[in-house]
Amino acid sequence: MGSEQANLSAWQMLFAQPGLGRSVAVSFASGLASTALALLIVVLFLAASQGTWLDRSLRRLVSPLLAIPHAAVAFGFAFLIAPSGLMARLISPWLSGWEAPPDALIVNDPWGLALTFGLVLKEAPFLLLMSLAALPQLQAEQRLRLARSLGYSPTLAWLKVVLPSLYPLIRLPIYAVIAYATSVVDMALILGPRLPPTLSVSILGWFSDPDITHRFMASAAAVLQLRVTLAALLSWWLLEQLARRLSQRWLTNGDRQRGEALFTVTGRAGLTLASLAALAALIGLGLFSVAGFWRFPELLPQSFTFDHWQRSADMLAGPLVNTALVALLSTGLAAVLVVATLENEQRQQIHPTRSLWLLYLPLLVPQIAFLYGLVVAAERLGIRPQLALVVAGHLLFVLPYVYLSLAEAYRRLDPRWLYIAQSLGVSRRRAFWRVRLPLLLAPLLTAVAVGLAVSIGQYLPTQLLGAGRVPTVTTEAVALASGGNRRLIGVWALVQAGLPLVGFMAAVALPRWLGAPRRAPLNVQRQG
Amino acid sequence: MKPRSALATAVALALVTFTAPAVAAPDPQEWESVLDAANGQTVYWNAWGGDARTNRYIAWVAEQMQESYGVRVEHVKLDDTSSAVARVLGEQQAGNDSEGSIDLIWINGENFAAMREQDLLFGPFAESLPNFALTYPDENLEVVTDFTLPTEGYESPWGKAQITFYYDSAQTDTPPQSIEALLAWAKEHPGQFSYPRIPDFTGSTFLKQALIELTDQDEALYAPVEDADFEEITAPLWAYLDELHPHLWRSGRSFPESGPNLRTLMSDGELSLAFSFYPTDAAVAVMEYELPESVRSYVLEGGTLGNVHFVAIPYNSPHKAGAMALANFLLSPEAQAQKQSLSMWGDRSVLAIQQLEPSDQALFEQGESHPAARPADALSQTLAEPHPSWMNALQDAWLERYGVN
Amino acid sequence: MNNAANALTLEQVSIHLAGRPLLHVDATVAPGDVLTVMGPSGSGKSTLLAFIAGFLQSTFTAQGQVRLGDTDVLSLPAEQRGVGLLFQDPLLFPHLSVGGNLRFGLPHRSSQKSAQIAKALEQVGLAGFEARDPATLSGGQQARVALMRLLLSQPRAVLLDEPFSKLDTALRQEMRALVFGQLREAGLPALLVTHDEADATAAGGPIIALG
């Protein structure tokens, strides 16, 4: 749509928008900073906590945290840190003397710090899960023993001998996180700055502006957003090169002790704090879902009620069924496609090709622009909104996550298992079903669980491709969120979080039930 | 299978589809035939879904429509009405002129203006609806006027909104009664008032309210903005806001995201004076435990902006008969009375209640009142909405001045 | 060199698994000597090494004393025990070059690191291999680099866990001579666990049979 002239004026109009530079800067910086912080937290935690009680407990917590939808975390986190939030109430008025909330700009700060920390809460569990899935391939235990027998302190040893090999395995997930964080909409709406908002939030506003000319500008802005995301990825890549250069000397300087205490303390504290914050956010939502009147500075609601749950109960059934149906179909399809792709790659001995970038495209392009294009394309082809279209739309976003959760484990499975099976007279097909899949059960289930969580969290694909005719728990939750009733938001966010949780618990329980206790996805010790 | 073919499969999957036969638009003049055609249709009603009570009311309407007319009503819950506008526009661009996915939209103001301008609406139909006469449009021009634009039968009135202020009477004795007084009040109570960030709808309405009170050239606001001297007319508004902002919540360095966000901030005790477009908002919030019992509502002494909200039918709706039957039912005394009752939703009726049959009038008397709701006589103090072009111009000018802190 | 001061002493060491006794050892290894512990798989010989090095899994319980000279090593964390390990896998770090692996073993404050590395490589016939990627080395070459990395870290004792079992026969002879020669030259007490009698013979020290 639109001639060259309209195109040109759209760009002019975009660049004339007040605060565009700041919007771009905040999107770029919060995306990079949150990823760096989340990675730092995860890496230091893994380095500092191997085999400890903390390690085991947080590993168990990671998947439930991953399952909570972004918007729910954002709402809960905003309520935690706001001047009238849980933390302020904890110290008011007996310590702070605040009878009324202080007028301080904490949430929605112009630097995007609240947004950055909110993003970290969601990114850290994802990166931790990806790391835990990759670690068993690295003989980490043996490397550590060796390094410690050479005199290296445990945390420093991990950083020097395991991390350099782990990083390449989690690089793609990290890139996915950067792409997501630079273009995130829902968290930025709740936690991000407002004068001006992040680029992604501005784009959403322009796309839904009744004034048609804003839509051309929104398309131009979507192209700009893509460039911002690519620039962030490029910057990260450059930082990677720099870090590699700078760390080269440190890795082999023979220093066995220096920084150990600092790394250990920050490593354990970092993820513990992040987990506690996410947990507190969830508890805040839970409290609201049963809260009667609740005024500052009361730490607990003055009264409790089940009204909010009761009234939502009637409206839950349909959306729950739709959510489960779409999530299972899209994730099931994605799992089949990914396994088929990887198995073919193994059999034909092809190396992963450049066409893989196509797979990641939906993660790179701003969702709203991408989906609006899809809607127009589907309409043009005469495809009317329906369940199948929604499933296909979800597939586009589930597929890359399932792929990046599974690919490394799949490729690194020792091929000798299959050689042995085949040498015992088992056909290739049977070897795939009887040997490879059972051995890969844990990573496969983790990938499926991630896929389910991604599908359940999708708002725009469900709403746009289904024209709202396939209401899911998430579309209902987002619609209700626009009404700002925190009690109802609490109810629906908990339901929304509960669904993927069921998926994750199944992923943990199923292998045990199938008789492979050591291959439970979240505490894989050794593999193959 | 390569990833590329995986993607292709995904698209192919989407291609497995069917298309429904197109239905010719019925003539609203022949109401019996409309009802006949409506029977058995499914109407997809796209309406904002941010309020549980509205949703509950629409669910009740759906039950009634199924029972009385055999029409299935599906509430498509939106987070923003403009996404429905975008959808119809997209369908038009793609050449889908008869099988649109939306049959009825809850709409008014600039969204209506935009859809009319792009010729995206079906009509005229509203004035042919049997129940439309109950609004007595000749005496109540607001049911045929939307932000100064004549509706010309392209949308049917549904409910009434008016800017209503509310405050906690336990904390504030004398809330400000005018925009001027608001400034003085804000200076005395720094950080306890704000308005939603522009271009939010409620926030923009606050700008218009302030402009109407501050300018002495009111008539210019009811004509397109292009015909007026924007700089001169709005100068008092910017002078006022420059003075007001340092005394707002967060010193005007951030603004609440939306109208409902104001209510949440009131609930948290961060604000002690707020406003809403829904006159019963505060009362409902008290019933939903969000606000304390001591909250009271009022309108400014010189009156506040009010408008009517409507339902409209997209030009490419395949179920226009069902949509008209629904729009007509929404205008029935029974549906309007249910809507106005505080225990259901609390949205004011567009019917001329005093002119209804006594038995119908009685329906409206069942609704209970609530101390936090504003007084019933406030309706007379309604100011009309300016021309929609003012909204855009004000939004752009505001963003230019205050959009970057 | 004071023998008593640098000997590795295992005093009444016994290890249990789920209450069942696994092994019992009582021995002293003088500097430059190699004590060989022989036994079939499952006899617990690797568990003994894990105990001394500080990596015993919590499913095992152990009693007894382990001393290096006068130091009670059991009270120290693994990295401060000064006990070096040589496994059957050379475990060269893939993210470091050959030189980087050796440098990794050198103490932080040692002087002339490059010269030390060059000399160490020369000693095992790999002069000039500093910049090579470990993955491009043969199994025997990797084993030699792993040995020199261990020795450069200046351990006070060395534990060998079937270090030759993955090498082919000809190479095995050569490596045995090299490893035991280097250990003797460095004057380190060493503990070898193996199931190969030829290893024990080549080590030349006392032998304890388990299981």
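Contact means heavy atoms within 4.5 Å. The model is predicted: local features need pLDDT of at least 70, side-chain atom pairs count only at pLDDT 80 or more, and totals for chains, interfaces and linings use all residues. Residues are numbered from 1 along each chain as its sequence is written, chains are lettered from A and ligands numbered from 1 in the order in which they are written, and side-chain values use heavy atoms, with hydrogens and water left out.

**View 1. Domains 1 and 2 of chain B.** Domain 1 covers 24-160 + 308-368 and domain 2 covers 164-298 + 383-402, with bounds from an automatic or database domain assignment. Their C-alpha centres lie 29 Å apart. In domain 1 of chain B, 13 residues are in contact with 17 residues of domain 2 of chain B.

**View 2. Area buried between the two domains of chain B.** About 1300 Å² is buried between domain 1 and domain 2, 68% of it from carbon and sulfur atoms; buried area is the accessible area (1.4 Å probe) that two parts lose on being put together, summed over both. On the domain 1 side, B:E110, B:F147 and B:T148 lose the most area to domain 2, together 44% of what that side buries.

**View 3. Salt bridge between B:E288 and B:R53.** The two side chains meet at 3.3 Å, N to O. A salt bridge is a side-chain nitrogen of Lys or Arg within 4 Å of a carboxyl oxygen of Asp or Glu. The rule finds one salt bridge across the interface of domain 1 and domain 2 of chain B.
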